[in-house]
Amino acid sequence: MPSFTVFKGSKDGSIQQSETKKNDLTGDQVLLKVTASGLCGTDMHYRTADMVLGHEGVGIVESLGPDAKYLKKGDRVGWGYEHDSCGHCEQCLKGSETYCSERAMYGMADLDQGSFAKGAVWREAFLFKIPDSLPDEAAAPLQCGGATVFNALHTYNTDPVETVGIMGVGGLGHLAIQFASKMGCRVVVLSGSDKKKDEAMKLGAHEFVATKGAKEIKVSQPLNRLLVTTSAMPQWDLVMPILAPGATIHPLSVDEGNFSIPNMPLILNGITVQGSVVASRYVHRRMLDFAARHNIQPIVEKFPMTQKGIEEGMAKLDKGEMRYRGVFVIE
Ligand SMILES: NC(=O)c1ccc[n+]([C@@H]2O[C@H](COP(=O)([O-])OP(=O)(O)OC[C@H]3O[C@@H](n4cnc5c(N)ncnc54)[C@H](OP(=O)(O)O)[C@@H]3O)[C@@H](O)[C@H]2O)c1
Ligand SMILES: [Zn+2]
Ligand SMILES: [Zn+2]
């Protein structure tokens, strides 16, 4: 019976170390030794929940259940937000298993394990082989952050001639700049202040606009697409005037409140608002290939995978000082 160390949230927001025990492997279950985990903005929402945190995992296959077919001991794999789905509903059949009504996702299922841990047991069907050129600490943030922004761009048919806005230069945003730029788009970054300008330009941005306190946002070309990757929803009345007719907004921020947007500019300019959550496995795999081919890697800050290391990383992200993705590594 496998058992491993895990790190959980708790009522007061402190991180608790605990042990998770699993039954012997059945079906296509795979036991992993975790090597690295990204710290996503969404983990901050679950910090006060009694559950194991983390959903940007990378690890090494230790052992496999009787029905596992494709992986072998020693393989390096990643996993993200979704751990299982029914496999036979319409959403699953069309490769949109992220919208399966029986999906098992972070925060809703498998609360006894996550990627802030030293081990995990997941289904082989929801694990991704990591391309050799991506080190563990670079591959981890791609498992949710990278997958989420690539999905918005790829699944909704981003065209290389588009001007794509990326709002928020955090874990998701700094990857989105690289993906959109490598897809051939003109990339306009909208960030709170000027602090991240140099790095955003180095990552592939063509234009950078600081938005804090602005009464009006000015861009040199209207945006055909806008990925909102800020940790809070933006002021939509400032955003609508910089959108081209027919533009698509991807509001990716996790925000419990209602979505409220000026109605007339939406109607008169034929704007689409496209929600989405992470990526299906098909898109996730393509994302990893694309990232490896174009050398798209996060800029990371490493912390030890310990109670103290996790609390330090979360405190830094909370203060807005992370550049640009925290990664916990087993020392
Ligand atoms: N839809 C999905 O599937 C999905 C998947 C993963 C994450 N998410 C969500 O996406 C959001 C971003 O995640 P992340 O991991 O990239 O977080 P992050 O690293 O904290 O980045 C968020 C960025 O938002 C800006 N920001 C910070 N505080 C802000 C505030 N109070 N108001 C407005 N903007 C603020 C900052 O960028 P600037 O300094 O450039 O302004 C910051 O770097 C989170 O809400 C997360 O829960 C959604
Ligand atoms: Zn995430
Ligand atoms: Zn299904």
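Student: Which residues in H4 meet which residues in H9?

Tutor: In this predicted model, H4 contributes Gly-146, Ala-147, Phe-150, Asn-151, His-154 and Thr-155. Their partners in H9 are Val-283, His-284, Arg-286, Met-287, Phe-290 and Ala-291.

Student: What makes two residues count as being in contact?

Tutor: The test is that their C-beta atoms, placed from the backbone, lie within 7 Å. By class, the contact of H4 with H9 comprises 6 nonpolar, 5 polar and 1 charged residues.

Student: Why are H4 and H9 called roughly perpendicular?

Tutor: The axes of H4 and helix H9 (residues 281–293) cross at roughly 100 degrees. Angles of 65 to 115 degrees count as roughly perpendicular, and therefore H4 and H9 receive that description. Their axes come within 9 Å.

Student: At what angle do helix H4 and helix H5 pack, and how far apart are their axes?

Tutor: Helix H4 (residues 145–155) and helix H5 (residues 171–182) pack at an angle of about 45 degrees, and 8 Å separates their axes.

Student: What is the domain assignment of the protein chain?

Tutor: Domain 1 spans 3–143 + 299–329, and domain 2 spans 146–273. Their C-alpha centres lie 28 Å apart. The contact between the domains takes 11 residues from domain 1 and 9 residues from domain 2. On the side of domain 1 that touches domain 2, helix H1 (residues 41–45) gives the most, with 3 residues. That side divides into 5 nonpolar, 5 polar and 1 charged residues.

Student: Which residues does the UniProt annotation cover?

Tutor: According to the unreviewed UniProt entry, the annotation "domain: Enoyl reductase (ER)" covers residues 13–330. In the model, the end C-alpha atoms of that span lie 22 Å apart, and the span is 24% helix and 26% strand.

Student: What is the omega of the peptide bond from Arg-323 to Tyr-324?

Tutor: That bond has omega near -15 degrees and is cis. Tyr-324 lies in the loop between helix H10 (307–318) and strand E17 (325–329).

Student: What is the phi of Asp-110?

Tutor: Asp-110 has a positive phi of about 55 degrees, although it is not a glycine. Asp-110 is found in the loop between strand E7 (104–105) and strand E8 (119–123).

Methods: Residues numbered from 1 in each chain as written. Chains lettered and ligands numbered in written order. Predicted model: local features only at pLDDT ≥ 70, side-chain atom pairs only at ≥ 80, totals over all residues. Domains from an automatic or database assignment. Helix = DSSP H or I, 4+ residues; strand = E, 2+ residues; numbered from the N terminus. Nonpolar A, V, L, I, M, F, W, Y, C, P; charged D, E, K, R; others polar. Axes fitted to C-alpha atoms, helices over the stretch in contact; angles between N-to-C directions. UniProt positions renumbered as here; feature names shortened; annotations may be inferred. Parallel < 35°, antiparallel > 145°, perpendicular 65-115°, else oblique.
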